[in-house]
Amino acid sequence: MVYSFHCPHCDSGVEVKDLSAREYHVANCKDRVFVFDGIAIQPPRFDDKFICKCSIPGCRGKYKAWKTIKAHAETPGVQWVPDKVIEGFNDGGKDNVAFVPDTQDLPLTPGLYAPRYPPGIVPFNPEVDKDRRMVNFFPKVTTGKVTAGEPKEKDAVEDNMKVNKKGKGREVVVKANDGKKKADNKGKGKEVVGGSKKGKEVDRGGPRVPKVVSTTGYVVGEGSSKNIIYNNNNNNIIDLNTLGEGPEAPIAEAATSPVSRKTTVEDADDDDVVVIDPPPAQMAGGDHVSSRELVVDNKLVIHAEIQTLGLYFQKDYKLFACSSCKVLLTAVTALGHARAHLGKMKSPVSDKGFAYICAILGAAVEYPSMAHKPPIPAISGLELYKEALLCEEDNCGSVFSTAGSIRQHHSTHHGGSPPKDWKVVTAQHFNNNTHRPLFRVIAPKPPTRKFDKFRFLDKLNASINTIVKPSSLYNDDAREVSAWLKHTKWHVYMKDHDPKFLRSLVDLPDHGEFPGLRSTVNYIVDCAMLCIDPVSSRIRQLLNTDDRKAGINHRPFDGLETDEALSAYKRELVRFVTFLIRDKGDYQLPLPNTIRELIQKVRDSVPLASLPSPSPQADFDDYTFSVIELLIGVWTRTWDPSFENPIGDPTVCFLALRSISDSGEWADVTDVTPTIAKLFFSIRSLFLLQIAIGRRGATRGKPRDRYEELAPWHDEGSDCTFSSLASLQHYASALAYETFKPPMFIWYDDEKTEFVWDGDRVKVDDLKRMAMEIKRRMYKLWEEDILCGLDIEIHYDHIADRLTNTEPMYGFIDDPRNKLCDPDVLMKAILSDPRTEQEFVSGYRSNGEPLWITPRLIEWLFKLSEYQLLSMASIHIATGGGLAFQ
């Protein structure tokens, strides 16, 4: 059998095989209204499909079933985008708004929208009105409507609680077996009592007592007959004025922040909420729309655990603040809301992890009730409606953001002609869904001083340096430890110390520290250089020999070729002597008594204010002799490791500390060998001076005899400092020479148009095309995503790039020879442009620190990492080197 019918929804004739097919057609053809972020939307239809213009990334835009769009609307934070492009569909960017609900009258929840409630009635929200405890007073109630001139009431109680919109009727509550009360709109304080058709007015001499019916259902707005809840399932009554009394008192309302009074704004502290005597009431009407501004203060704190979700924490109310939507969220809704903003990006926090975070922070699972409260201090994390409108009719107290919405409220709830002007107040609301109604607040005090919005850059750069350039000497992952450190184990011995402190132990003496030491060491080296010619070539050959068993070095020990090189070697010796006599704090360096006595002698001696000219025959002063004796004593003895210091030898300890770079990292092995060479030169220079002048107070003997005394202490085969340095030098040199690796490809043809790479054949032309495509993508990412479309140009003539510098994190931008631009030029450009500033920053604290929109920062960093990946690929393909991305 075929059924034919006319569909009223699509205005067309339809033939179906059975009645279920007809119902299916109507269900899918019927116009649907969905609520997206508080706005009722009627999605258009095209080609037998529903069109969806929601903000969810990956939304296909066309769906056969309306339930998919309903699921999108129920996703927290999802909005309707009128100008979203849908392939094959164009409605000119129509907004598709069915109607904008009144702020107070219709707190819509996301999803499929039900029919409107009766005039003046809004859904009872158990989360907001949980403190309205319901008590069963009467077994049954009925409702009727009183109209002027009609003594008899008509029963208006139906299954769906319909209310007559016509006339000047008012709701009444009829108590079973106890007459009925008629609310007189004009005679306040009067009641109509009686169980018959006629009643008489009785003046109670006081304000009328509003009643409440049921526990769930609809709430009638405030007013003389407004505080009523209707329910069809359970007919119970409660007096609102009795709330908070008796043993069944409702839950206490959330405590508000303390308010301090100051004479002037300038007298207040930054954290104070200042209440200033209100100015004369301002009025507004017409087409008034309130302006909004985000409230930011120290009560809005950052937690690393939730920052990646784009959330802050409001510590007074224990709620999460969304930096994008500028709303507050409970522990129940915050994670889903944040994930909606992340889109395709994987949530960095799991459900279990977020529950743990909420437990640690003590996050609230519901909003505090703001109904019938006096104004409270403005809540940070929410937008402040600076010129909201207050309804004062019948002490209503409802607040609205536009003149249109408050006029609609007055017409629906109070009747009659609305006022032309309304009182202007400041207000806020928690969110745009379940807690849409505005409540009055006290506006925060204006800032007393202008802040610098670029001030935070110093703190940001310091944090970046801490992350990018960490100062850690120890790495517990053996795979990331170099072969050099595995051999020396210096990273293990130094792991409990601060790199900057260790580095300071081997710095040159500060101004005023050990006065005369630098000039004395330079004088000693100059005298040693003058002893080269008086000492025989044979002795100097032996002195320049590392291992006498392997043969004598026929090149005698000689001076350096340039004064600059000699000055560098002198400075290294100054560093070493300073390290010996300097206070080492918590760095343990056990020394024998003889060495400690020599160190104390240097500290107690007074250097000459003016040293004589260097000479091999010079009569050294006590301070100079003390320095020479200290150095000879350190280099002419054996050293054993100890529990406090496993290295033991102070010279090798000095070498280890000198291997810590300025950045706090271990220097490359190629940077260690120059220091070893300088120490070798210092040892040979002091030994040469000792051979030439002898010990202090000793009779002058022959130079050969004095050399034989020192010979065991500069031989690789002996247990001495010289031998330890030689061993380290050989190992470091071997590592430096063995680090070179040949290219890992083979040309496939003589014309060099194709080659084999790791077993695969690759054409050079294909490589060129790939390189060009990478460059194109890099340019697009750089201009559109990294620079955010800003016109930033840097002009330069020449870039100095030290390609041989292998120091970690070195780049041409850090090279002091390059003065290209301000390193913070991009950050300042983003914050100076209104478009980009709105993308990245929600507002500013009183000290100028920005309140970042974290999801936008994450998106920018994602694009930056993509650019870096392409940059490294481009360098690798082009066989380039020496380019460090900054």
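**Cysteines and salt bridges**

Student: Is C396 buried or exposed, and what is its relative accessible area?
Tutor: This is a predicted model, where local features need pLDDT of at least 70, side-chain atom pairs count only at pLDDT 80 or more, and totals for chains, interfaces and linings use all residues. Residues are numbered from 1 along each chain as its sequence is written, and side-chain values use heavy atoms, with hydrogens and water left out. Buried means under 20% relative accessible area, exposed over 50%, and partly exposed in between (1.4 Å probe, protein chains only). C396 is buried, and its relative accessible area is 2%.

Student: How many disulfides does a search of the whole structure find?
Tutor: A disulfide needs a pair of cysteine sulfur atoms within 2.5 Å. Take C396: its closest cysteine sulfur, in C391, is 4.0 Å away, so that's too far for a bond. For the whole structure, the number of disulfides found is zero.

Student: OK, on to charges. Which residue forms a salt bridge with K453?
Tutor: A salt bridge here is a side-chain nitrogen of Lys or Arg within 4 Å of a carboxyl oxygen of Asp or Glu. For K453, the closest N and O atoms of the pair are 3.2 Å apart.

Student: How many residues apart are K453 and E837?
Tutor: K453 sits in the loop between β31 (439-442) and α7 (456-468). Those labels are DSSP runs numbered from the N terminus: helices are H or I with at least four residues, strands are E with at least two. E837 is in helix α22 (residues 834-840), so the pair links distant parts of the chain, and the separation is 384 residues.

Student: Why are E859 and R856 separated by about one helical turn, and in which helix?
Tutor: The two form a salt bridge, with closest N and O atoms 3.9 Å apart. They also belong to a network of salt bridges with R835 and E839. The turn comes about because they're three residues apart in helix α23.

Student: How many salt bridges are there in the whole structure?
Tutor: The whole-structure search gives a total of 22.
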